Structure formats: structure tokens, C-alpha cells
Amino acid sequence: MKLKYFLPLFVAVMAMLTGCATDQDRTHLGEIRLSSSYVALDKAGGSTQITLTASDSWTVVADGIPSWLTVSPMNGGAGQNSLTFSAGAAEGRTATIKINCGGKTQDVNVIQGIAEVSTATCAQVIAGPDAKTYRVTGMVTGIGNTEYGNWYLNDGTGELYIYGTLDKSGKAGKNNSIAAWGLEVGDEVTVEGPKKTYNGVVELENVAVVKITKSLIKIDSLTVNGVKTDLSKTPMTIEGGEVTAHVTCKGDGINVDIPADAANWLSISSVKSNAITFKAAPNVGGDRSTTITFKTKSGGKEYTSQVAIAQAGAILDVSIAEFLAAEVGDTQYRIQGVVMSLYASDKQGKSFYIRDFSGETLVYRTEGFLDAGIEVGDVVEVIGKRGAYKDSPQLVNGTCTLLYDVEEVTIEEFLSKPDNKNVWYMVTGKISSLLGSNGKENDYGNLYITDGTNELYVYGTYPGWGATGDARKFFIADNGIEVGDEITIIGYKDTYKDLVELCGGVCFSFKKANAE
């Protein structure tokens with residue numbers, strides 16, 4: 001082990017051990033007591049036990065346990081318990097485990113060996129073990145989150161995702177560390193941090209910044225049609241125009257790369273000293289954007305800087321099937337449909353599933369949903385971008401507007417309502433006949449439903465909101481729906497030749513007569 005790494009790490013470990021030994025509030029909570037709030041494992045691997053005394057049932061928080069560490073048991077009851085920590089051989093790594101009991105949380109610091117810092121390339125980090133601490137030098141190629149300090153580092157051998165950057169005082173979290181360090185795309189940065197692999201992405205987590213070498217090329221400002229503009233906040237208009245990048249360059253010349261996906265709408269129109277002007281064509285489609293890379297060289301090394309150019313586009317009216325088939329990007333889409341269910345995992349309560357005649361999608365945390373008091377069964381319009389999470393499509397960065405506040409009523413209540421094409425109801429009943437009012441079978445799903453006493457004629461039963469033409473046909477036959485099945489339909493009330501009708505019938509759900 002190199003001495004220059006051993007001394008600071010030895011001090012850090014001793015500080016941790018000393019702190020644990022004297023912090024009586026952490027090792028002697030009223031709800032939970034530990035024989036030790038730290039666990040030391042041999043680098044050759046093995047197990048270590050501590051004693052846990054609890055006043056109530058307790059649970060080890062699974063989310064905080066790294067893949068290399070096993071904790072057993074994961075929960076238990078009041079009284080004295082033995083807790084075992086096990087790991088395989090490793091050069092050095094650490095973890096913090098949380099135990100919940102009686103509404104309080106106790107931390108256990110786990111140390112295996114001494115975490116030696118290894119200087120490595122991105123490729124070596126990618127091939128190396130998780131939890132090992134590395135020192136890497138590379139270029140900032142993109143910035144994902146400025147508040148938590150998430151960005152990309154590339155040294156030519158590979159690319160790493162930096163998940164969290166410590167601020168100058170060594171603190172992690174929401175610390176605006178990107179601005180504090182003055183990090184920009186193109187800067188050469190040396191960082192230290194432990195490796196973690198999350199969903200196949202190799203990360204260095206909560207890195208310490210060791211050294212920053214500023215890029216020799218920098219974008220000072222942008223002007224759009226002669227007016228200084230921040231295109232990250234105010235995109236260019238649909239009409240297009242000229243964007244001028246005012247560049248400071250201390251290297252040997254400037255090269256500009258326009259990505260291939262923007263070559264059909266963005267081009268260089270003039271170069272005057274260090275002012276490079278691009279011409280953006282009018283936008284007849286949805287929102288679009290690209291990232292322009294400026295390069296210079298000095299002493300055999302290449303330096304870069306980047307600028308994003310965004311242009312607003314039209315909002316595209318599409319079916320949900322067309323939305324699902326679209327690529328993830330900045331284009332704005334407008335879709336309409338029925339709220340089918342709420343997304344249970346969203347604690348903010350702004351996410352829901354929407355369905356039309358062609359399909360269903362998740363709408364993630366859309367604005368306007370809660371304010372409008374929208375509920376399951378209501379008809380809504382949402383505008384937003386095509387996003388995805390773990391390859392699952394979703395509408396993101398959207399707004400939601402209530403189109404119809406659908407009232408759930410019985411058949412008897414529906415029959416007494418006034419005719420109104422702008423007021424929609426949800427009605428449930430058993431199918432008593434699949435014949436139209438003329439007594440003939442039909443393709444559009446004209447049928448009768450009953451509650452056992454009252455009967456209601458449904459003029460059209462369609463697969464979902466927005467169905468037109470042939471898309472309205474054969475829903476009943478395609479789904480094997482029969483007399484006796486229960487069906488829930490959304491529609492408005494109308495009367496034709498003294499026959500009360502539920503019109504525009506959108507099927508919300510159905511249940512087979514023999515289903516449990």
C-alpha cells in the first residue's frame with residue numbers, strides 16, 4: 001500500500017471508530033441498542049456478529065445493503081438478537097446499514113480492509129470490482145443534474161457516470177456542486193470515488209474533485225437573431241433564424257461538429273473571428289434540439305466545449321398507440337383518453353394511466369392533475385414529451401386538463417338525467433341483449449344492459465376514447481362479450497323517438513359472467 005493513501009484513510013477510519021465509541025445517542029437509543037455501531041470485516045472475507053437489543057420489532061433497510069454484503073437476519077422482534085455481517089474477500093470497501101425500530105433509525109458502519117485509492121482509466125474502472133475506490137482523469141462530456149453533481153467523464157478508453165459530486169467542504173447531496181466547482185463540458189477533471197453498478201450503468205458515486213483543468217475553448221454567450229438568449233430556458237421559435245455562438249479560444253483554431261440528426265435543419269452560415277453563426281430552418285414538426293461541439297487543440301491535446309440549441313415545434317395530436325411508437329425526445333404530444341387508474345408508486349399523486357381506443361400509457365407526474373380534482377373514469381387531455389423509464393414508455397414533463405368530469409350513476413339514476421351531450425356518466429349493468437333497437441345484430445356494439453329492474457339501451461360500445469370509423473367496429477365480438485356479462489360504459493344521455501340512450505359508449509371495463 002502506498003503511504004500517501006494510507007495516512008488520510010487511516011485518519012478517516014480512526015475518526016469513524018472514535019466517533020462511534022463516544023456517540024452515545026447512536027449506540028444507545030431507547031428503542032434500539034447495539035453492542036457496536038461499527039463492524040470491521042477482514043479483507044480475506046468472513047463474518048462478524050454484533051448484539052442488537054430492541055424494545056420493539058426491527059427491520060434492516062434492504063435498499064442500503066450493497067451487493068457484496070450479507071446481513072442476517074433482516075428483521076426480528078423485541079429483546080436481544082444476534083446480527084451477522086458477511087462478505088467475500090476484497091481489497092477495501094465501506095457501507096452504511098440502517099436499522100429501523102420504533103420510528104427511529106440506527107446506523108451501522110461496515111468497514112472491510114482499508115480502501116486504497118487506485119489510479120485507473122475509465123476502461124479499468126468498468127472492468128474492476130464494485131465498491132473499490134478509483135482516481136480517474138477525463139473530460140466532462142455532459143452534465144445531467146447540477147444540484148446533486150451528476151455528470152459524464154470520458155478519457156478516451158470509456159465513459160463513466162459520476163453520480164454525485166462532493167462540494168468543497170466534502171458534503172454530498174443537494175449542494176449545487178457543479179456551480180461551486182465551476183465545472184463545464186470540456187473541462188479536464190480528476191476525481192476519486194467508489195465504483196457502483198446500477199442497472200448496468202457503471203458509476204463513481206459521491207466523488208471528491210482532486211483537480212480541474214479548464215478547457216481552452218469556451219462559449220461565452222449565444223444570440224438568437226441578434227438578441228442574447230439562454231436557449232436552455234427559451235427555445236428558438238418555430239420560424240427559425242440565426243444563432244450566433246460567441247467563443248473564447250486559447251487553442252489552435254476552432255472546429256465545429258453538428259450532429260447528423262440535426263444536419264437537415266441546422267447549418268453554419270458564417271464565421272467571423274470567434275463568432276460562429278448557425279441558421280435554423282423553420283420547424284414544421286415537434287420540438288427539436290441538438291448539441292453542438294466546439295473543438296480546439298494545443299500541445300497534442302484536444303479540448304472541447306458544447307452548447308445546446310433547442311427549437312420549439314408544433315404540438316402533435318396523436319393516438320396513444322402513435323405516442324408509444326414515437327421516439328424518446330423533446331417533441332410535444334397531445335393525447336386524450338380516460339383515466340384508468342392511479343400510479344401507486346407516485347407519492348406525489350400526480351401520475352396515472354390513460355387509455356384511448358388504441359392503447360394505454362403512464363402519464364408521469366403531470367401538472368394540473370391534482371388541482372383539477374381529476375378521478376378515475378374522467379376524460380382528460382394531456383400534453384407532454386415521450387419519455388421512458390427502464391424501457392417502459394411514459395408521458396413526462398406534461399400538463400393535464402379535465403375534459404369531462406364523469407359521474408358514476410346507477411341505471412335508474414341515468415334514466416332520470418336530462419339529455420346533454422356535454423355531461424358524461426359511468427354506468428354498470430349486465431348485458432341483457434346484444435341486438436340493436438331494431439332487433440338486429442350490429443358491428444358497433446348496440447346493446448341493452450340491466451340492473452335487474454331497469455333496462456338501458458346503449459347506442460354504440462367502442463373500445464376506447466377517440467375511436468372513429470372502422471376503429472369503432474367489432475369490439476363486442478373481438479372480446480367475446482356475451483349476454484350475461486357485466487360491462488361498465490362511459491357515455492352521455494340522449495333520447496331518440498322516446499327511447500332513452502347512452503350514446504358514445506366507451507367501454508371502461510367488462511367482466512365475464514363465469515369469471516370469479
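**Entry 1**

I started with Glu367, which is partly exposed at a relative accessible area of 45%. My cut-offs are under 20% relative accessible area for buried, over 50% for exposed and partly exposed in between, with a 1.4 Å probe and protein chains only. This is a predicted model, so I kept local features to pLDDT of at least 70 and side-chain atom pairs to pLDDT 80 or more, while totals for chains, interfaces and linings use all residues. I number residues from 1 along each chain as its sequence is written, and side-chain values use heavy atoms, with hydrogens and water left out.

The side chain of Glu367 meets that of Lys350 in a salt bridge, 3.1 Å from N to O. By salt bridge I mean a side-chain nitrogen of Lys or Arg within 4 Å of a carboxyl oxygen of Asp or Glu. Lys350 sits in the loop between β25 and β26 (352–356) and Glu367 in the loop between β27 (359–363) and β28 (379–389), so the pair ties together parts 17 residues apart in sequence. Strands here are DSSP runs of E with at least two residues, helices are runs of H or I with at least four, and both are numbered from the N terminus. Lys350 counts as buried, at 18% relative accessibility.

**Entry 2: other salt bridges**

How many salt bridges does a search of the whole structure find? I got 20.

Asp317 and Arg334 form one of them, at 2.6 Å from N to O. This pair links distant parts of the chain, with Asp317 in strand β24 (residues 316–317) and Arg334 in strand β25 (residues 332–342), 17 residues apart. Asp317 is exposed at 54% relative accessibility, and Arg334 is partly exposed at 22%.

Next I looked at Asp419 and Lys493, whose closest N and O atoms are 2.7 Å apart in a salt bridge. Asp419 is in the loop between α6 (411–415) and β31 (420–433), Lys493 is in strand β34 (residues 486–496), and 74 residues separate them. Is Lys493 buried or exposed? Lys493 is buried, at 5% relative accessibility, and Asp419 is partly exposed at 39%.

I also noted a network of salt bridges that links Glu184, Asp187 and Lys214.

**Entry 3: strands around β33**

I then turned to strand β33 (residues 455–462), where six of the eight residues are buried, so the rest of the structure largely encloses it. I call two strands paired if DSSP finds at least two bridges between them. β33 runs antiparallel to strand β32 (residues 447–450), joined by four bridges, and Leu447 stands opposite Val458. Four residues lie between the strands of this hairpin, and Gly452 takes a positive phi near 105°. β33 also pairs with strand β35 (residues 499–511), in the parallel sense over five bridges. There, Val458 stands opposite Leu502.

**Entry 4: a four-stranded sheet**

Which order do the strands of the open four-stranded sheet take? I read β1-β3-β7-β5, with antiparallel pairing. β1 (32–34) and β5 (69–72) are at the edges with a single partner strand each, so one side of each has no neighbour in the sheet. Strands β3 (residues 46–54) and β7 (residues 79–87) are joined by nine bridges, with Leu52 opposite Asn81.

**Entry 5: confidence**

Last, I checked pLDDT, the predictor's confidence in each residue from 0 to 100. The chain averages 89, and 94% of the residues score at least 70. Residues 1–27 stay under 50. Where pLDDT is low, predicted coordinates should not be read in detail.

Notes:
Contact means heavy atoms within 4.5 Å.
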